[in-house]
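Visitor: I would like to learn how to read a model of this kind, one feature at a time. Could we look at it together?

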Amino acid sequence: MTSMDVPLEGGGKQAGSAKTAVRTAVARPRLTWLTLAFMTTSSVASLRAAPTMAVYGLACVFLYVVPAIVFLLPTALVSAELASGWNGGVYNWVAQGLSKRMGFLAVWCQFAMTIFYYPTLLGYVASTIAYVIDPSLASNGPYTACVIVILYWAGVWVSSRGTSGVGGMASFGLIIGTLIPGALLVLLGVVFLGQGNPSAAPMDAGAIFPQWTGIASLVLIVNNFLSYSGMEMNAVHVSSLKNPAREFPRAMFLAMALVLLIFILPALAISWVVPAAQLSLTAGVMQAFDAFFQYFNIGWLTPLVAIGLVAASLGGMLTWLAGPSKGLLLISRQEGYLPPFLQKLNKNGVQQNILVAQGVVTTAIALMYALIPSVSSAYWIFSVITTQVYLIMYLLMFVAALRLRRLQPDHPRGYRAPMLAVLCVMGFLASVAAMIIGFVPSSQFGSGSVWSYVVIVAGGLLLLGIVIPFGFLWASKPSWRQPDAAAAAEGGA
Amino acid sequence: MTESTATPPAQPPQDPAHPGHHKERNKWVFIGAIVLAVILAIILLVTYTQHKHSAEAASKARQLQAAMVAAGYPEPDEDTLIAIFGRDGGAVCKDPTGALNKAQWLDNMANGAGGPGMRPVIADRKAVAAEAIVISVYCPDHLQAFQDKIDDLKTGTTVRR
């Protein structure tokens with residue numbers, strides 16, 4: 001796997017600009033707005049959470065709609081406006097609206113949070129396959145380690161071949177692993193009710209709101225804001241669209257609708273058919289799907305749905321591999337924030353060295369997750385820390401969007417979000433609330449000291465979200481900059 | 001609700017010099033992925049075994065039904081219980097307290113995210129405890145260890161029943 005810079009698009013006709021592009025170009029194969037919408041949907045939504053949310057019955061609608069109003073809407077509309085005016089995604093928005101250092105911090109937070117995500121995602125993939133083949137494999141460390149490492153590096157390989165491949169695979173995964181099984185669940189659920197069967201979960205007006213028991217309910221509602229995190233991530237590919245100004249907002253609106261439908265309807269359908277007792281939170285996702293299909297005597301669909309869930313998970317993983325690392329590359333080339341080795345591109349114009357470096361770290365973490373029991377049992381804490389880190393990015397994005405409206409009011413935008421100030425304030429406050437709630441100990445922490453939990457989460461947040469990125473900024477050298485890259489990367493500004 | 005401006009932003013750069021080449025190579029990756037998915041689907045379909053009806057499976061299912069109702073849960077369907085748990089509890093009884101299985105069920109006590117936004121919550125007490133009832137019927141040897149694990153959890157009442 002050699003690393004090299006990409007030849008300029010347009011061949012050698014314009015020598016001067018060719019020199020620039022040789023250093024700066026990141027492969028920009030065309031994506032259609034539909035593919036980008038599917039990529040965004042694939043990044044955010046899947047059926048993985050449907051059994052978990054089905055436990056709440058009709059209240060799952062509330063648990064998804066309220067966060068959609070206060071977090072999904074601001075995130076989607078604000079990023080639609082920003083992406084329709086500026087190329088490069090969140091790093092460029094924050095760099096333009098606040099500062100380049102903050103731009104690096106924003107994209108770092110987006111990038112860093114994924115490192116701990118892959119082992120759990122692929123661990124889930126391993127257990128999904130194991131459920132069908134041999135359930136005892138799910139607790140087998142070497143099996144889990146092999147699945148994680150092989151699938152992760154296969155994902156890196158696919159990502160290193162360019163955005164269009166990622167877009168195609170993510171769309172494929174979304175269709176066969178989320179849209180088709182999701183539609184099937186809803187169809188069977190409707191048939192179930194249509195046959196006159198009573199819903200397994202109460203569906204009367206009183207069941208609309210979740211049980212209110214103070215802090216536990218608040219944690220549930222506020223943490224659900226994060227269900228929609230990632231809507232902005234694929235904006236880094238906006239320059240791959242034919243007409244970003246018009247097409248990105250269109251992709252975002254479609255993704256928003258799909259995400260809501262994917263989250264709400266299948267969860268509701270499961271809650272109609274499968275009694276809550278069989279949706280035990282400790283039972284696993286596949287058991288719930290199995291119970292659903294067994295009820296209709298079509299248990300043979302369980303392995304096919306398992307394949308679909310695996311495909312959807314891998315498709316989603318590809319979008320996360322391709323997105324934040326590209327943003328990190330772009331600002332690092334502009335400002336020299338990463339060593340030249342990490343700035344190199346492969347022959348497809350992909351940030352292969354960043355992906356490989358990330359892969360080495362992820363592999364080490366994944367092996368610990370799979371093979372060291374004390375790590376796997378405590379791994380959930382990383383999802384708390386990484387989501388806290390991700391929220392820093394949202395805080396920066398909302399502030400940057402407000403400032404860009406004020407600092408560059410006449411900058412051409414294909415789409416202007418209505419009431420941007422309200423959206424930004426709402427999104428900012430929602431992010432702050434989610435960050436504060438992140439310090440409330442969850443079930444997994446048991447009866448441990450609250451202050452220990454706060455110290456662990458704050459320490460992780462500080463290390464991953466502040467110390468490491470500012471360490472890179474501190475270590476960066478002017479000689480690592482590629483000034484020509486800056487001009488191209490800021491093309492949208 | 002939306003408002004569009006007439007002026008588009010900067011146009012994106014052109015495609016790389018050989019877009020067709022990219023497309024051709026990606027086509028083969030795509031075909032390879034579909035072939036692998038089909039092979040895996042065949043393997044899963046062949047290896048997936050549904051639990052068969054038997055007197056013992058039916059007896060266990062009825063035991064579980066009774067235990068669930070006694071614990072205040074709605075009565076689950078007997079045939080579905082037989083199909084999921086069979087005689088031996090199926091996946092539920094395969095090392096339920098093992099580190100990786102525990103990591104998975106700890107992960108499930110999360111919000112409604114389907115991506116990296118997954119984050120733990122304070123889980124509902126009865127939704128967590130249901131599995132212990134299943135284990136008590138199908139693999140009571142694991143019950144104490146499992147009960148100890150879930151007793152360590154901080155739970156609340158977040159599901160309206």
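Predicted model: local features only at pLDDT ≥ 70, side-chain atom pairs only at ≥ 80, totals over all residues.

Visitor: How many helices and strands does the secondary structure of chain B come to?

Guide: Chain B has 6 helices and 0 strands, so that its pattern, read along the sequence, is α-α-α-α-α-α. Of the 161 residues in chain B, 44% are buried. Among the contacts in chain B with a separation of 6 or more, 64% are between residues 24 or more positions apart.

Visitor: How should I describe the packing of helix 10 of chain A and helix 18 of chain A, and at what angle do they cross?

Guide: Two packed helices are described by the angle between their axes and the distance between the axes. In this case the axes of helix 10 (residues 215–223) and helix 18 (residues 420–437) of chain A come within 9 Å and cross at roughly 130°, which means that helix 10 of chain A is oblique to helix 18 of chain A. The crossing of these two helices of chain A is left-handed. From helix 10 of chain A, the residues A:Leu218, A:Val219, A:Val222 and A:Asn223 meet A:Ala433, A:Ala434 and A:Ile437 in helix 18 of chain A. That contact has 6 nonpolar residues, 1 polar residue and no charged residues.

Visitor: What is the phi of A:Met419, and is A:Met419 buried or exposed?

Guide: A:Met419, a residue other than glycine, has a positive phi near 50°, and A:Met419 lies in the loop between helix 17 (380–407) and helix 18 of chain A. A:Met419 counts as exposed because 12 C-beta neighbours lie inside 10 Å.

Visitor: Where is B:Asp95 placed in chain B?

Guide: B:Asp95 is in the loop between helix 3 (78–85) and helix 4 (99–108) of chain B. The phi of B:Asp95 is positive, near 50°, in a residue other than glycine. With 18 other C-beta atoms within 10 Å, B:Asp95 is partly exposed.

Conventions:
Residues numbered from 1 in each chain as written. Chains lettered and ligands numbered in written order. Axes fitted to C-alpha atoms, helices over the stretch in contact; angles between N-to-C directions. Helix = DSSP H or I, 4+ residues; strand = E, 2+ residues; numbered from the N terminus. Parallel < 35°, antiparallel > 145°, perpendicular 65-115°, else oblique. Left-handed = near helix turned anticlockwise from the far one by under 90°. Contact = placed C-beta atoms within 7 Å. Nonpolar A, V, L, I, M, F, W, Y, C, P; charged D, E, K, R; others polar. Buried ≥ 20, exposed ≤ 12 C-beta atoms within 10 Å, placed from the backbone.
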